[in-house]
Amino acid sequence: MRKIIIAAALTLGTVLPFGAAQASTAGAEPPHVDFSFDGLFGTFDRNQLKRGFQVYKEVCSSCHSLKLLAYRNLKDPGGPEFTEDEAKALAAEAQIPTLDDAGEPTTRKGTLADHFAYQTTPQEHATLKGAYGSIPPDLSLMAKGREHGPVYIHALISVGYEHEAPEGVTIPAGGNYNSIFPGGVIAMPKPLSDGQVAYAEKEIPQTVDQYAKDVSAFLMWVAEPKLEARHRLGFGVILFLGIMGVLFFLSYRRVWRNVDH
Ligand code: HEC
């Protein structure tokens, strides 16, 4: 059984595009980041999720979709918790492709029911593929789909672009050196620079590092919107097991009290 699993993993590894090329400069270990949602009691920082959404919207969304996220989710408990009116206003900013009465392509205003998939029409995919040589993947589950999840994403879009390609690594046209990306050459151009996104909270640094942290936290929530509920449940179960354990021990003592053993 184990052999089968290993064989399947190896086959997948060679079929999937990432990590296949130039294994010599394989992705470096991403530097650790402390996130508010780490650990048993971890919760999302609402303001950080709102900022992360802003970074996604203003920067990443021009290339990446979030097909599993709908505008209505922005007001769900456990997430960035925008108000209903705010979520509606954000949806209304989006231009959703549709057809008019004559069957001609047009756009309409977004609603709470729409998903963040509007830039992924086949034509736009083809344009992005033409421009970057690779289709920007949907990011809905990216924070769960990569080892180190949000820590990896943070490093990939920040420190990953800080180094020159080492001696001997040739960067193909349209490629960019990234020390974190497996293989070292990524189609995504460096997406962030200092001061690029204007945060309303002035005390928050407007740096690549901060943007990367915020958008990674946001993508973690997108990939696991029930994280807080799961943490609460986990804690409840452990508490329950602890109390049950004590009760069982006391009753064991009582039941065997008068028996020699
Ligand atoms: C100009 C277009 C563009 C923008 C803007 C962009 N990306 Fe990308 N991204 C790409 C492309 C193209 C790829 C595919 C790279 C490859 O496979 O070589 C990619 C891949 C990724 C990956 C997958 C890496 C992996 O391990 O497979 C992540 C994560 C990612 N981008 C996050 C982001 C985030 C977060 C932002 C916003 C801060 C962003 N991207 C902005 C084009 C873009």
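**The ligand shell, the surface and the salt bridges**

The residues of the shell around the ligand divide into 17 nonpolar, 3 polar and 1 charged. In this division Ala, Val, Leu, Ile, Met, Phe, Trp, Tyr, Cys and Pro count as nonpolar, Asp, Glu, Lys and Arg as charged, and the others, Gly among them, as polar. The model is predicted, so local features need pLDDT of at least 70 and side-chain atom pairs count only at pLDDT 80 or more, while totals for chains, interfaces and linings use all residues. Residues are numbered from 1 along each chain as its sequence is written, and side-chain values use heavy atoms, with hydrogens and water left out.

The protein chain has 8 helices and 6 strands; these are DSSP runs, numbered from the N terminus, with at least four residues of H or I for a helix and at least two of E for a strand. Along the sequence, their order is α-α-β-α-β-β-β-α-α-α-β-β-α-α. The chain contains 261 residues, of which 35% count as buried. Buried means under 20% relative accessible area, exposed means over 50%, and partly exposed lies in between (1.4 Å probe, protein chains only).

The ligand has 21 residues around it, and those that come nearest are Cys 60, Cys 63, His 64, Tyr 152 and Met 188; a residue is near if one of its heavy atoms lies within 4 Å. Helix H6, residues 149-157, gives the most to this shell, with 3 residues. Several polar contacts, pairs of N or O atoms within 3.5 Å, can be followed here. His 64 has a polar side-chain atom 2.7 Å from a nitrogen atom of the ligand. The side chain of Arg 146 places an N or O atom 2.7 Å from an oxygen atom of the ligand. At Ala 187, a backbone N or O atom lies 2.8 Å from an oxygen atom of the ligand.

The surface carries a nonpolar patch formed by Leu 40, Phe 41, Phe 235, Ile 238, Leu 239, Ile 243 and Leu 247, with about 700 Å² of accessible area together. Such a patch joins nonpolar side chains (Val, Leu, Ile, Met, Phe, Trp, Tyr) within 5 Å, from residues with over 30% relative accessible area and no salt bridge; areas come from the Shrake-Rupley method with a 1.4 Å probe, and only the protein chains shown count as cover. Leu 40 is found in the loop between helix H1 (2-15) and helix H2 (46-58). Leu 40 counts as partly exposed because its relative accessibility is 40%.

Side chains of opposite charge can pair when their charged atoms come close. A salt bridge places a side-chain nitrogen of Lys or Arg within 4 Å of a carboxyl oxygen of Asp or Glu, and the count comes to 10. Arg 46 and Glu 81 form one of them, at 3.5 Å from N to O. This pair links distant parts of the chain, with Arg 46 in helix H2 and Glu 81 in the loop between strand E1 (66-70) and helix H3 (84-93), 35 residues apart. Arg 46 and Glu 81 also belong to a network of salt bridges with Glu 228.

Asp 214 and Arg 51 meet in a salt bridge of 2.7 Å, N to O. Asp 214 lies in helix H7 (residues 208-223) and Arg 51 in helix H2, so the pair ties together parts that are 163 residues apart in sequence. Both Asp 214 and Arg 51 are buried. Asp 209 and Lys 213 form a salt bridge of 2.9 Å, N to O, and both lie in helix H7, 4 residues apart, about one turn of the helix. Asp 209 is partly exposed, with a relative accessible area of 34%, and Lys 213 is partly exposed with 23%.

Notes: Polar contact = N/O pair within 3.5 Å; in protein donor to acceptor, adjacent residues only side chain to side chain. Patch = residues over 30% accessible without salt bridge, like charges linked within 9 Å, V, L, I, M, F, W, Y side chains within 5 Å.
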